[in-house]
Amino acid sequence: MMLSPLKPLPLNVTPVPGGSATSLASRIARKNGTASLQSFCADMSISYRALKVGDPVEIERVAALAGCDHTKLRTWTPHAPSKTNYQLGAEAPRFTAYSRSTIRGCPKCAAEALSEYGDHGPFHLGAWQLTSIRTCARHSCMLIEVPPPSHHKHSYDFARTVDNMDIGDIQIVAEEARSLERYLLGRLDGTYEGRWLDTLEFHVAAQLCENFGLLLTRGPKASRAETTERQWLKAGAAGYDVLRNGPDQMFAALEELRMEAGPGCHTYGAIAGSFLTWLSQREDDAAFDDIRQMVFDYILRTYPVLVGSTVLRIRCDRQQVYSLRKGAKAYGIDERMLRHKLLERGDISRSRKSGAITYRRYPSRETLQELADETNGLLRGFDAADYLGLDIHLLRNFVAAGLVKKGGEMARNAPYFRREDLDAFIGRLYRQTRPDLEPANDEVSLIAATPACQCSTLELLNLIFKHDIPLRCATGAEPRFNDFLISVERAKTAIGQSSVGAISMSEAAGKLVVDTATIRNLVSAGYLSAAPKTERSSERWLVIDEASVAAFGEHFISAANLAHELRRDTANLCRELYKNGVEPLIFNGENRIIFRRRDVS
């Protein structure tokens, strides 16, 4: 209710849509020639202090002096319905959304008003008191700060303070840079887009867009204090263009920033430092709690935050995702195996040049438990070799021959194995054992049998399975490869059976009374023929064609064999033969002396 009836003044001004009560009163005061707005209010029995804070009674009295609708005037004058908020238009932004001490105005609006109405023309809109409104909606130019008056009591006397304003300082901005401001002005008018931002309080939506946009436009180390008004405008538009589509787009943008950071285990602070610092400082405003909780939950499910850590002033009580090394340790998974599985899943990627890891997503508790169950029984190559009691190179030969099945391959073709496949290989050997078999005098382990049989271990296994050679097991439960014993004689018999018409090098050496090295050199020189190799025969396994040995023995005789037949000393016999001009057979290598039978008969 008005304290006393007031009528429109003879010297009056035309109200401007959106203008504040203090701006209108300042214009009336100047047109009526008063020294200041404060003295004008005193003359009109209006409380200047109450008018500044939007007292409805004083606003109604100013409206009466101007002869205008007090309802609209009050709507666009910031007034305080509570201790923490100022009502403006259809919204009630928190007091932190306003800049009440710094007055800004549009230089083009001021210039036009001065040209048309004189010194009482410049006006100030209520929306210009919001820190997030930085441009003039009519002229698309930056608002500029009005130099402060000589005394703070005259700060709201805009019609006078504008005298010191640089109305030539016109900074035009692109319309796309005003997307946040258009949205905020629409909310002040009571227009909503039906988007997620509409569910947030006005000051929360505005500040969230600006500070998230600051991260997008200037990076995680951006200083809020050093950001210019034009940079804030650009940041606000960038943030709004993302956040208008909801929080999922905010998290998608954060993920994009994380991936752009490249290889390595990056902290959330290194990715979004400036934004997170600002958000953590909003803990005294409950309107930001939901946003802080949402971002907190995102960080916990995205970054390996340790239990007990504090993020956005909220304590982490349960770790949700892990780095590769700590996840492997926590869930008992071989680190190299875990890396391989995560690469297979696409959760991580690896640089071809440096080998550095990029986390597309950190493994969660559920993922690690799943992989722990899956890899419980998988062994790397060296571990699998130890499990079988083999040398790693021998295991690789068995894998290449198909005797041992591998479970898969990791980076650089490194195989891994399932325990059940390794047990199947041992089980196959165990089925060759005969518990009732009498021990033979020449029984040795499978490894030791290979030099005695002059064949590879792989060939020996093929002979065992092909000819069903019986084995004995030196231990009871859980035998390993070298616990199986084989008779050398049985193995040699199988070798002879595997190459019809061929004899081993040791047999050939026995027939000709030379050593096996001489046999190899005779083959190399073409005096003896090697038997055709059987399937899966190794390069070491050289068997001799028996017919070629017999033919060679018909025409040649070794010095040792000749001395044996004549019951002579080999060395003395050779000296006598040399003395009588008998020449030995010449062929490559250092061998026992061999003579032609026709020369010594």
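Q: Where is T34 found, and between which two helices?
A: Residues are numbered from 1 along each chain as its sequence is written. This is a predicted model, where local features need pLDDT of at least 70, side-chain atom pairs count only at pLDDT 80 or more, and totals for chains, interfaces and linings use all residues, while side-chain values use heavy atoms, with hydrogens and water left out. Helices (DSSP runs of H or I, at least four residues) and strands (E, at least two) are numbered from the N terminus. T34 sits in the loop between α1 (21–31) and α2 (37–43).

Q: Is T34 buried or exposed?
A: Buried means under 20% relative accessible area, exposed over 50%, and partly exposed in between (1.4 Å probe, protein chains only). T34 comes in at 15% relative accessibility, so T34 is buried.

Q: Which residues of α16 are buried, and which strand do they pack against?
A: In α16 (residues 365–375), the buried ones are T367, L368, L371, A372 and T375. They share one side of the helix because they cover an arc of only 135° around the axis, taking directions from the helix axis to the C-beta atoms. Contact means heavy atoms within 4.5 Å. These buried residues pack against α14 (324–331), α15 (335–345) and the strand β9 (378–380).

Q: Which exposed residues does α16 carry on the face turned away from its buried side?
A: An α-helix has 3.6 residues a turn, so residues three or four places apart point the same way. On the face of α16 turned away from the buried side, the exposed residues are E366 and D373.
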